[in-house]
Amino acid sequence: MAAVFESFISPLSWQQVSLLLDTVQYFEEAPKLLSLPQEEGASVAVPITAETLTAMLNYLDEQDAFTRKSFALSWEEGEQDGHGTLVVQLPTGDTVRQAADLSLFSAV
């Protein structure tokens with residue numbers, strides 16, 4: 001199976017990640033693919049969970065809610081079709097890895 005998406009950089013602010021987290025929590029029982037902006041090009045649909053967004057939000061400063069930081073996102077294909085790992089590199093260089101079963105996510 002082809003990659004769910006090509007690796008990209010997403011510039012996100014505290015305000016944006018906070019709103020994305022609210023959306024994911026609202027749809028907790030029916031996970032959605034969220035559209036994240038790229039530095040260049042169209043938005044990308046990503047299977048992202050509240051835990052991953054919380055880790056991203058914890059890096060950002062609410063006092064500086066509109067300053068964007070660059071997050072590198074990539075997809076690692078799993079052994080089973082439709083399974084894989086979302087890899088988010090925080091601006092600090094730390095990495096968050098989130099296992100994902102794509103069959104559980106639907107478009108918004």
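1. Two residues are said to be in contact if they have heavy atoms within 4.5 Å of each other. In this sense Trp14, Val17, Ser18, Leu20, Leu21, Val24 and Gln25 of helix α1 meet Ala50, Leu53, Thr54, Met56 and Leu57 of helix α2. By class, this contact has 9 nonpolar, 3 polar and no charged residues; here Ala, Val, Leu, Ile, Met, Phe, Trp, Tyr, Cys and Pro count as nonpolar, Asp, Glu, Lys and Arg as charged, and the others, Gly among them, as polar.

2. The model is predicted: local features need pLDDT of at least 70, side-chain atom pairs count only at pLDDT 80 or more, and totals for chains, interfaces and linings use all residues. Residues are numbered from 1 along each chain as its sequence is written, and side-chain values use heavy atoms, with hydrogens and water left out. Helices (H or I, at least four residues) and strands (E, at least two) are DSSP runs, numbered from the N terminus.

3. Helix α1 covers residues 14–26 and helix α2 residues 50–59; they pack at an angle of about 160°, and their axes are 9 Å apart. Axes are lines fitted to C-alpha atoms, for helices over the stretch in contact, and angles run from 0 to 180 degrees between N-to-C directions. The two helices are therefore roughly antiparallel, a term for angles over 145 degrees.

4. Strand β5 (residues 83–89) is joined to β6 by 7 bridges, and the two run antiparallel. Leu86 is placed opposite Gln98 of β6.

5. A search of the whole structure finds 1 salt bridge, defined as a side-chain nitrogen of Lys or Arg within 4 Å of a carboxyl oxygen of Asp or Glu. Arg97 forms a salt bridge with Glu76, with the closest N and O atoms 2.5 Å apart. Arg97 belongs to strand β6 and Glu76 to strand β4 (residues 69–77), so the pair ties together parts 21 residues apart in sequence.

6. Another open sheet consists of 3 strands in the order β3-β2-β7, with mixed pairing. Its edge strands, β3 (44–47) and β7 (106–107), each pair on one side only. Strand β2 (residues 32–36) pairs with β3 in the antiparallel sense over 4 bridges, and Leu34 stands opposite Val46 in β3.

Note on methods. Angles under 35 degrees count as roughly parallel, over 145 as roughly antiparallel, 65 to 115 as roughly perpendicular and the rest as oblique. Two strands pair if DSSP finds at least two bridges between them.
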